Amino acid sequence: MSLPRCALLWARLPVGRRAGQRAAVCSTVGVHIGAFPGPLGRAPALNASSASGGSKAPNTSLFVPLTVKPQGPSADGDVGAELTRPLDKNEVKKILDKFYKRKEIQKLGADYGLDARLFHQAFISFRNYILQSHSLDVDIHIVLNDICFSAAHVDDLFPFFLRHAKQIFPVLECKDDLRKISDLRIPPNWYPEARAIRRKIVFHSGPTNSGKTYHAIQKYFSAKSGVYCGPLKLLAHEIFEKSNTAGIPCDLVTGEERVTVAADGRQAAHVSCTVEMCSVTTPYEVAVIDEIQMIRDPARGWAWTRALLGLCAEEVHLCGESAAIDLVTELLYTTGEEVEVQSYERLTPISVLDRALESLDNLRPGDCIVCFSKNDIYSVSRQIEIRGLESAVIYGSLPPGTKLAQAKKFNDPNDPCKILVATDAIGMGLNLSIRRIIFYSLIKPSINEKGEKELEPITTSQALQIAGRAGRFSSQFKEGEVTTMNREDLSLLKEILNRPLDPIKAAGLHPTAEQIEMFAYHLPDTTLSNLIDIFVDFSQVDGQYFVCNMDDFKFSAELIQHIPLSLRVRYVFCTAPINKKQPFVCSSLLQFARQFSRNQPLTFAWLRRYIKWPLLPPKNIKDLMDLEAVHDVLDLYLWLSYRFMDMFPDASVVRDLQKELDKIIQDGVHNITKLIKISESRKLLNLESLSGTLKSQSRRLRSTKTTVGKAAEPPSTSASEISLASRLVKQGLLTPDMLKQLEKEWLTQQTEQNKERTEPGLNSKGSRRKKKEPNSE
C-alpha cells in the first residue's frame, strides 16, 4: 500500500482508533465503547428508559421488519481489510453466535424495546448483513477484527447491532413521537370552534314511536339555520323532503349525493346529512343528532362522537335510547356543558303475544316476518307464495329506491300485498304500517369490537328497535303486537324485551387522515394497513372512549397496497364504504384505484363498458344479487366523485344510470318468488335455505335451553329428527312430498358412502397399486 493511501485511510479512522487498535469509536451511532473491564463493564450512553416508550408495552408482533441489503463492493475498496486484515467468515459467525447467546445482551436489547421476538429477527438480519456484505464499514470491521484477537469484547458489537435493529424496525427510533401522535385522550379539545361557544344540549329520550325525533325536528324547522344528522341515507332524504315540502329550503349531503336547492348553487341555511358528512366548522342555530345510542357502534361510533363534541350549534338536540344518557352526560361534563333530558313514552300500546305463530298458515294482513339471513328471506317468501299470498321484501343490500318501493307497496291499502318479509333493516329509516312483528329467529350474526363474527341472541336494544315498528302512531294499526315464529323462542323473546337496557359505557373514536400522515412521516416504508395496526396499538384513550374497529379500512388498504398512490389518496380510497363480501365491488375498488394511479379519468363511457351496460332483468336470485353488486359499484363511483371530481367527472349521468338500474332491481324484487322458484329448479339455491333454516333452528333451540336454564337431557338422534321434521311440515317449510324426497336422497347418499367405505377395505392393495402405476397397461 502506498504511503499517501495509508495516510488517507489512517486519517479516516476515529481518533481513539489511532491511539491503539483496542478502542472502537462508533461515531455513526454516537456512542463511545472502550475496552470493557468485564462483560458490559461500561453501559452505553443511550437513554434506555426513554427509548422503551410509555408505560404501555407495544404489541411488537405488529412491527414488520424492513429489508436491509448487504453492502456490495465499495469504490474505495475494503478499507477495514486494508487497515487490519480480511475477516474470516467462520470466525465472525462464531463471534456473532456468542453475541446472540449472551443474556446480558438480550437484557440490554429489551431495555431498548427489543423483546425476544424482535431481538431474534434483528439478529438474523444483522448476521446476514455482516456475513453477506462484500465489505463492511471501517468501524465495525475493526471491532470484529479486535474481537477475533481478543483485543475487544464481544459486547462491543451491541451499538452496531442496535443501529441495525433500528434500521429494520424504525418504530424503535420514534416510539415517543408515535405515542404523542396517537394520543386520543381529551377528544373535546379537537374541536376549538365548538368549545368557543356555549351550547345548549337537549336529550330527547324514549322508545321507538314516542315522538322524540318529531319534537327535535320541530326545533330544527323553526330555527334560522340547522343541520340534521341521521344514521341512514333514507332518513336524511326523508328530512330533506319534509323540510322543503314545509317551505324551508334544505340541502342534502350524503356520502354519494349532494343536492343544493338554490338555483344559483348557494348553500341553504338548513342541511340534512348522514352523520359522517356533517360539518364541524359551520355554525348553526340548531343541530339534531338522531339515534345517539349508535355512539357505541364498533365500526361507526366515531361519527356520533365527532358530531356530539364538534357541532357548532347554539342548541344540540340528541334523539335516542335512555341507555346513552349517562355516557353523554359524562362526555359533556368535560366540556362544561349540561344535558337537559326530556323523556317520552310510547304513543301507542304494544304487547307481546302469549302464542307463537308456529305456521305460516296463521299469517294475517299487516304481519311482518323478521329474518336475519337472506336464505331465510328467500325460504319464507317462497312458502308464502305457495299459500297464494303476496309479500313485500326488504333487506339491507337493496338500493334505497327499491326499499321505498317495497315499503310503499306494503303500506298501500289497495295493493294485494299484505305481508312483509324483512331483515332488521326495517328497524330505522322506513315508515311502515305493521300490525304484528314476528321474529323468525332470535339469533343474529354480529361483528364485535375485535372484528370477530359472533352468533348470539339479539340484544334488548335491537329487539325493542324492531318490535317498536309494530303499531306506529301514523299507521293504520294503532296497537302493535310482537311474537315469534317458533314456540321455543317466545319465552326468550319475553326475557330479552323485559331486560333493562344496558347503559352505554364508551364512545367510538377514529384516527384522522392527518394523524396517519404524521405516522407515515416517521414510518415511511410501512404499509397503510400496518400503520393502522401500529396506530391502534399505540393509541391511548380515556376510559369513556374506544378506538373503532378498522377491519374494513385495513381490508381495502391491503387490497390496493400494490398500486402506487399518495398516502392521502390511498387513505380516501380505504375509507370508501364497500361491502367486502361482494367480489365485484372489491375488484371495482381495485380497478378504480388502478385507473386513478395512471391518471386516467374514469368517464361515463369507461364505466358503462366496465359494468357491461345495458344490463338485463334478473332471471334468478344470482342475477338479482349481481345487479345489487353493480348498484354498489355505482355508489362507490359517486362516493369517490365527490372526493376526486376531476378523476370521476360524470357523477350526474352515473346517477341517472343508477336510477335506471334501481328500476330493474325493483322489478326483480317484485317478482322475487318467481326468481326463487327458477333458482331452485336450476339448483342455484339447492336447498341451502332449508339447511340454513335447520341450522338456525338448532341454534335457537340450544340458545333457548341455555338461556332459560332447562337442564333437559339431549334426545336421541332419531327422536330429534322426527320432531324437527314434523315441526317444519307444520310450519309449511316442508311438504310431505319434499320430506319423502329428502329421505330418499339421504338413504341413497348413505348407501353410496357405505360402499365407498367398504370397497377400499376389500381392495386396498389393488387400488393403491393402480394409483402408483397409472401407465402399467
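Predicted model: local features only at pLDDT ≥ 70, side-chain atom pairs only at ≥ 80, totals over all residues.
Strands, labelled E, are DSSP runs of at least two residues, numbered from the N terminus.

- His 317 counts as buried because its relative accessibility is 2%, and buried means under 20%.
- The side chain of His 317 forms a polar contact of 2.9 Å with the side chain of His 204.
- Beyond its neighbours within four places in sequence, His 317 is in contact with Val 202, His 204, Ala 216, Lys 219, Val 286, Ala 287, Val 288 and Ile 289.

**Helix H18**
- Helix H18 covers residues 460-467, and six of its eight residues are buried, so the helix is largely enclosed by the rest of the structure.
- Those buried residues are Thr 460, Ser 461, Ala 463, Gln 465, Ile 466 and Ala 467.
- They pack against strands E11 (350-352), E12 (367-370), E15 (436-439) and E18 (480-484), and also against helix H19 (487-498).

**Helices H5 and H7**
- The axes of H5 (residues 89-101) and H7 (residues 116-132) come within 11 Å and cross at roughly 165 degrees.
- The two helices are therefore roughly antiparallel to each other, and the crossing is right-handed.
- H5 contributes Lys 89, Val 92, Lys 93, Leu 96, Asp 97, Phe 99 and Tyr 100 to the contact, while H7 contributes Phe 119, His 120, Phe 123, Phe 126, Arg 127, Ile 130 and Leu 131.
- By class, this contact of H5 with H7 comprises nine nonpolar, one polar and four charged residues.

Note on methods: Residues numbered from 1 in each chain as written. Heavy atoms only, no water. Buried < 20%, exposed > 50% of the residue type's maximum accessible area, 1.4 Å probe, protein only. Polar contact = N/O pair within 3.5 Å; in protein donor to acceptor, adjacent residues only side chain to side chain. Contact = heavy atoms within 4.5 Å. Helix = DSSP H or I, 4+ residues; strand = E, 2+ residues; numbered from the N terminus. Axes fitted to C-alpha atoms, helices over the stretch in contact; angles between N-to-C directions. Parallel < 35°, antiparallel > 145°, perpendicular 65-115°, else oblique. Left-handed = near helix turned anticlockwise from the far one by under 90°. Nonpolar A, V, L, I, M, F, W, Y, C, P; charged D, E, K, R; others polar.
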